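Visitor: I would like to learn how to read an interface between two chains. Could you walk me through this one?

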Amino acid sequence: MASSFTRLFSSKRNVGILSLVGAGSVTAGFLLHRDHVTAGAPVRRMYPASAEFPDLRKHNNCMASHLTPAVYAKLCDRATPNGYTLDQAIQTGVDNPGHPFIKTVGMVAGDEESYEVFAELLNPVIKERHNGYDPTTMKHPTDLDASKIQSGQFDERYVLSSRVRTGRSIRGLSLPPACTRAERREVERVVVDALAGLKADLTGKYYSLTLMTEKEQQQLIDDHFLFDKPVSPLLTCAGMARDWPDARGIWHNNEKTFLVWINEEDHTRVISMEKGGNMKRVFERFCRGLKEVERLIQEKGWEFMWSESLGYILTCPSNLGTGLRAGVHVKLPLLSKDPRFSKILDNLRLQKRGTGGVDTAAVGGTFDISNLDRLGHSEVQLVQTVVDGVNYLIECEKRLERGQDIKVPPPIRQFK
Amino acid sequence: MPFGNTHNNFKLNFKTEEEFPDLSKHNNHMAKVLTKEIYGKLRDKQTPSGFTLDDVIQTGVDNPGHPFIMTVGCVAGDEESYEVFKELFDPIISDRHGGYKPTDKHKTDLNFENLKGGDDLDPNYVLSSRVRTGRSVKGYTLPPHTSRGERRAIEKLSVEALTSLDGEFKGKYYPLKSMTDAEQEQLISDHFLFDKPVSPLLTCAGMARDWPDARGIWHNDNKTFLVWVNEEDHLRVISMQKGGNMREVFRRFCVGLQKIEEIFKKHNHGFMWNEHIGYVLTCPSNLGTGLRGGVHVKLPKLSTHAKFEEILTRLRLQKRGTGGVDTASVGGVFDISNADRLGSSEVQQVQLVVDGVKLMVEMEKKLEKGEAIDSMIPAQK
């Protein structure tokens, strides 16, 4: 597989060096000294680890499944160079025991280094969440060559809209759970600066949450673009809503088909979408836009957080790898009532959601169908999985319409 | 976030202007006082336990406030916060507590015998009487900052102290994380159970972390004396009963508090107190006595009188709905309590409630008979 990117900075030791090149970057000077920032043990350790160990007996999340007293004792005195600690990383999982049927992740990263400093906990969590992917032995493939997608145009009598989203983090700046106000503002500045350089069908405009007019706000709501202050305790307990709405905003192109959220759950969330079933074109614009933004930030000496083992580094371990969710809104009124529907989705490595997004119910037999996986498969592979899977689902729906029977497809091979 | 302090050291690499919060749309005491200069001066400081300026103000940054209600917008993470961040807290305390100066001294008086009257509020109007306060246990940090280990230590010590009480104070502790369904139902029916805080004023300050670990409710068998452990403060102590005998409620309050304090002192963990700000609590609004003494009282006619608000102000009282702060009154029944906390003693504050409610009930009776009350309106207390 040929990556269309040159991996210039594979070692994190190079963090900050290129940032010096950036003109006007307030953080450039000190970033070079990042490794020298005191990463001492937290001041207060009056109690032994055993007295501090959280009570996780009623908890059901990935963190709770893997945090033993021994792991806690080992990691609780460590901090990343920014001073981010284990207690901070797991707070969201301690505060949100979870649901008996839905297993949440239960921890976040405060910065890129969290994935190394707390690897003893994060690696088993990643392995469980990503179907056996082992960051210590495996490599994650990145492939943003949209030309490889086959049969990416769906039957528009069934597929109402197509969408691909991912996240990107700016290397050298802390992630939303831990970032300071200055860092968050720097993320905004770097990204808005880059987005201003997009041209042609990607030309667009930035709407800062603090400065937008009532009229702009209403338009963004009508377009279903506006994101709100997070209310989910999964996010607020991790500190991601601090200082809201400072340095948060939305950028979108004039055609309203390419959208970037700044400083919500990740530094950036990048979304390509359009009505209808042309997933190939959605993905093509997605890849083109992402590569262009990357090129623009690199011109100023910045880069995205990425590693060979984890792919694109994001706040939540569930979004590592590609961070990609490619999906459609598709009408499957007959298939969705078939008892084999869930199994079919499972085997196709797809998940269903209501058309309001995660944690919503389907309305009128219309579902949001997207890829389950994020890590260990490339963007091209995942989008192809969605394309093939949705085409199969539509076939099933058509067969049921004609009174024909359908078959549960064999499961797609996983790592485990 | 209020845990280690190494994160604060990292922040110092950024300039004051880069870190200063945008408070242009804010309306709380912290936002009114915090300038870039003060921020610049205090941002590299921390208390011995590692609580920093950003920890103090986070709740006020996250909650811009309401155009009509002025919230405090900051909290203390430990006893030392009020000293280390004095330059921020002093003006806020002054604004919130009627001009209280940094040199002023606060009087504590928990001698219930100094209260005059209070045993004869008309039960046809006064449905219930209640006095509450908070106490912080010396040697531990406060709810925005406590680690799980500390919170558990506070619980352990509190339970030891409370379960050693006897006589009218003999009672039982119900830890939130292990109470049975039946116990929970009963506590809800008694209106004793407190919930995980949902107010962002509290959650943004980190007070709901690790819920419900080391939180619980203790009450005496008579259900007239109640203690909340590790909610917004280490301890919230409540004395209450139906009817208008505020004197008896206050007696039990003072006696119970003093008994509890004795036991904590024996363990070398007395209550946080100093002669300037009295009892030290998490929110600056509760400094001094931390006392809210109040009644549920039927005032359907008086409450619609044009001068109702003015009467309350002059009596140094405030009204709330019967659901507590931020609720509306139902059927003309109001929660009436003292407005002051700092600069006057417990006895003085309860005296104001007793005298003020007595007067308002008399006014209500006059209005029922169709008579005017103008001559009864008091001067400013």
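Visitor: How many residues of chain A and chain B are in contact?

Guide: Contact means heavy atoms within 4.5 Å. Here, 49 residues of chain A touch 43 residues of chain B. This is a predicted model, where local features need pLDDT of at least 70 and side-chain atom pairs count only at pLDDT 80 or more, while totals for chains, interfaces and linings use all residues. Residues are numbered from 1 along each chain as its sequence is written, chains are lettered from A in the order in which they are written, and side-chain values use heavy atoms, with hydrogens and water left out.

Visitor: What area is buried between chain A and chain B?

Guide: Buried area is the accessible area (1.4 Å probe) that two parts lose on being put together, summed over both. For chain A and chain B the value is about 3,500 Å², with carbon and sulfur atoms giving 48%.

Visitor: How many salt bridges are there between chain A and chain B?

Guide: A salt bridge puts a side-chain nitrogen of Lys or Arg within 4 Å of a carboxyl oxygen of Asp or Glu. The count between the two chains is three. One salt bridge joins the side chains of K177(B) and D55(A), at 2.8 Å from N to O.

Visitor: Which element gives the largest share of the side of chain A that touches chain B?

Guide: Helices are DSSP runs (H or I, at least four residues), numbered from the N terminus. Helix 5 of chain A gives the largest share, six residues. Elements giving two or more residues include helix 5 (86-95) and helix 8 (181-195) of chain A.
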